[in-house]
Every structure is written in structure tokens, then in C-alpha cells.
Amino acid sequence: MKKIFLIITASLLALSGFAQRVETEMRYDTLDIDYKTKYTSKFFDNFYIQASFAERLMFGEEDTQLKFSKRVQPGFQIAVGKKLFPAFGVRLGFGGARLNGWNSGIPGFYQGNKQWTTDPTIDPLKLYYESKGISTANGYIQKLKYTELNADFMWDLLNTFGKSYRFDRKFELEAYAGMGWLHLTKWHAMPKNDKVSLRIGAQGTWNITQRLGLNLEYNYAITDATFDGEIGKGHKFDGFMSALLGLTYRVGKQGFTVVRLISPESYAMLNNRISMIRREVEEQPQEIIQITDQITQISLLIPSVVFNPGKDTFNEELQLVNIFKVAKFMKENPDQDVTIIGNVEGNDEKLARQRAQVVKDILVNRYSIDPSRLSITVQNVNNDFNVTGYSDSVNFSITQ
């Protein structure tokens, strides 16, 4: 629920005879509106595809006895994902390649063949390597070839913990959790096997363009200890650590439509307020005004966006109309770029820049203004333009 205050400029009089006069002196600057914000998109919006090169490391029974350089094996992943909401999405991936494990030389018990599990003196991998003329006296490498199918729930951390949802970030950071289906093929005397895995990970994406991004990913998955075919050595789980580097390409339309759902009562109050604003506009039209300083030749566009003192928030019902006017001006003048100015008079530079960034995000994400047409700066607007009343404002000027 959004809290908005009702300001009454006249004193409330108890005498009924003055009711008519008091009502005409009331001015509704804001309304008490209850609404829920909903982000919507079409089914085929916000899709992306990924292709990544992987390096994987298996943690099974006795695998740490194998040299690290021999344990790390190459792999791949191809994935299709979709953002369902600004803060989360889903992804389906297919990958695999090879893994290397280790057996200490003690005969292992392998599932998939009754003779192997009932006769502890028979180790099929040992027999395989010895038939190739390879000594297994001190142990041997278990070579695995596998494929995997994964389904992940993606969690956008920056949009979750940021002050506002943004769809134009240069860098994105996501955490994820999911499940996988692992298929081990019969290879180098290893038995065929299928297992379910649980996985967690994180992914960072550097957006080169609005469509193309470079992604770096890390994840860890666990599955049953019998995945490598070996049982009976006390381990409950086999683990897989993966590092991936690849490209992300966004397909189709990206972004969301913002819908505010309000109650019928609130809708009626908004209609009343709109009627009042229309009357005011008809009496005193407020178009974009351009003030040019004669010395610097810098143009200042009016209106401005007034923020709450000491904060980077503002009354949306009053101030969004001013941002809309600037967006309308830019769409009607596609050759004009605009500088968003945070006023530093009475404010520190950090707060002034944060306020300007808030306004830029709305122009880009809500009104689809090309971010390359918008720049941010901070200055003393009152002093530089010889105006008053803009201490807590964000102003606009035409970029020179």
C-alpha cells in the first residue's frame, strides 16, 4: 500500500453554515491510493540463449589422490532461459563431456553387473586397464563420459536488493538453484548409469550490447555416490564443481509493462483528481519552458522533479507528470539529447547524483527513452541559472 497524504489548506470549521466556503477552499495536493504493482510481459518476451565452455572437477571416492591437472576436464553447456519477473526467471540447460575419478587399487564394487557386486575379487576397470598393458598396482583413473539436463530457478540479486527494478544494467548478478539428470554412458569399462543431482550456483553477466552479454558462471552439484559405478566405500555423495565462460544472447522483446492495480474507490478518487488537474491546466497551461543563460548559453528545461528533503524519493502522483512531459519532449524532438541535473545546493553531491539516476531510470525503463540520449551531472541550479526554489529538485537541460 502506498501512503500518500491529504493536505487541506483551509481550517476545518465546525459551523455548518460555513461548510460551503470551506469545501471550495480545500486543495487536494495528493490522494490516499491503495494499489499493487504488477509487471507483465508476453509469453515469448524476455527469452535468452547461452552457450558456454566449462571446466569441471569431480569429487568422488578417493578422487583427491589424483593430480589436480588430470582431474580438471573440459565440458560445455547450452541453455535457454526466460525472465518471468524483474527479480527471477527459469533456465533449462543441456551439457556434459568428461570426468576423471580415481580408484586406489583396492577392488571396487560396481553396480550394473551382478557378478561384479557378488565377487569382490573382480574389478572390471582393473581388468580393462591391465588388458591394455597399463599397471594398476598403485591405482588407476576412472574415465567417465556423461551428459546432463538441468532446470534452474534464477534469482536476480541486483534487482531484488536494489531500490528499483532496472532492465538496462551493464552488469547483472544472479544466484540459482536447481535439479539435474545425469546420464553416464558405458565407456572404458565403466557401467551405464543415471542419477538425479541437486545444484546451486551464481552467474555474472557483462552486457556488451543490449542483446549480447559475456557470462561467467560457477556451480556445485551433488549426486549419489554410486554415480561413478563404485559402491561400498562409505561415501554418500559424489560432487561436481564447474566453472563456465560463455555468451548470452537475448531473443525477442525485452522488458516488462508496469501495471498498477487499484481499488474502485481509489480509481474514483483519481478521476476526481484528474478533473481538478485538467481545470488547472486549462487555466494555466504548463508546457515545456526553456530558460537560456545569456553567458553560458546553457538551456534549462522547466518543469523539474521535486524530491523529498534529504531523500532520493518523491511524491509520484505529483511529480511523475513532470517526468512524462520531459519524455514527451524527447520523443517529439528525437535530435535533442538531455542532461539530467541533480541540484547540489543544500545537498551533498552523492544524493544529487542518486536523484538524477532515479529520474533517468524512469525515463529509460518506463518511457523507453534511449539511455544514450541521457547524461547525468550535478551543479548549483539556483546559482548557475539565477532561479530560486530548486534546492531539492532534479532539473533538465539540452545537452550541448
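Colleague: Which residue lies over the face of Phe59?

Modeller: The model is predicted. A charge counts as over a ring if NZ of Lys or CZ of Arg is within 6 Å of the ring centre and within 35 degrees of the ring normal. Over the face of Phe59, at 4.9 Å from the ring centre, lies Arg71.

Colleague: How are the rings of Phe59 and Tyr220 arranged: stacked, edge-to-face or tilted?

Modeller: A pair of aromatic rings is described by the distance of the centres and the angle of the planes. The centres of Phe59 and Tyr220 are 6.2 Å apart. Planes under 30 degrees apart count as stacked and over 60 as edge-to-face. The planes here are at 50°, so the pair is tilted.

Colleague: How many residues apart are Phe59 and Tyr220?

Modeller: Phe59 belongs to strand S2, residues 47-59, and Tyr220 to strand S9, residues 212-224.

Colleague: Are Phe59 and Tyr220 buried, exposed or in between?

Modeller: Buried means under 20% relative accessible area, and exposed means over 50%. Phe59 has 26%, and Tyr220 has 29%. Both values fall between the two cut-offs, so Phe59 and Tyr220 are partly exposed.

Colleague: Which ring has the charged end of Arg91 over it?

Modeller: The distance from the charged end of Arg91 to the ring centre is 4.8 Å. The cut-off for the distance is 6 Å. The ring belongs to Tyr176.

Colleague: Why do the buried residues of H4 line one face of the helix?

Modeller: Helix H4, residues 124-131, has Pro124, Leu125 and Tyr129 as its buried residues. An α-helix has 3.6 residues a turn, so residues three or four places apart point the same way. Seen down the axis of H4, the buried residues line one face because they fall within an arc of 130°.

Colleague: Which exposed residues are on the face of H4 turned away from its buried side?

Modeller: The buried side is that of Pro124, Leu125 and Tyr129. Exposed residues have over 50% relative accessible area. On the face turned away from the buried side, these are Leu127 and Ser131.

Colleague: What share of the chain counts as buried?

Modeller: The chain has 400 residues, and its secondary structure comes to 9 helices and 17 strands. With the cut-off for buried at under 20% relative accessible area, the share of residues is 41%.

Methods:
Residues numbered from 1 in each chain as written. Predicted model: local features only at pLDDT ≥ 70, side-chain atom pairs only at ≥ 80, totals over all residues. Heavy atoms only, no water. Phe/Tyr/Trp six-rings, centres within 6.5 Å; stacked < 30°, edge-to-face > 60°. Helix = DSSP H or I, 4+ residues; strand = E, 2+ residues; numbered from the N terminus. Buried < 20%, exposed > 50% of the residue type's maximum accessible area, 1.4 Å probe, protein only. Arc of directions from axis to C-beta.
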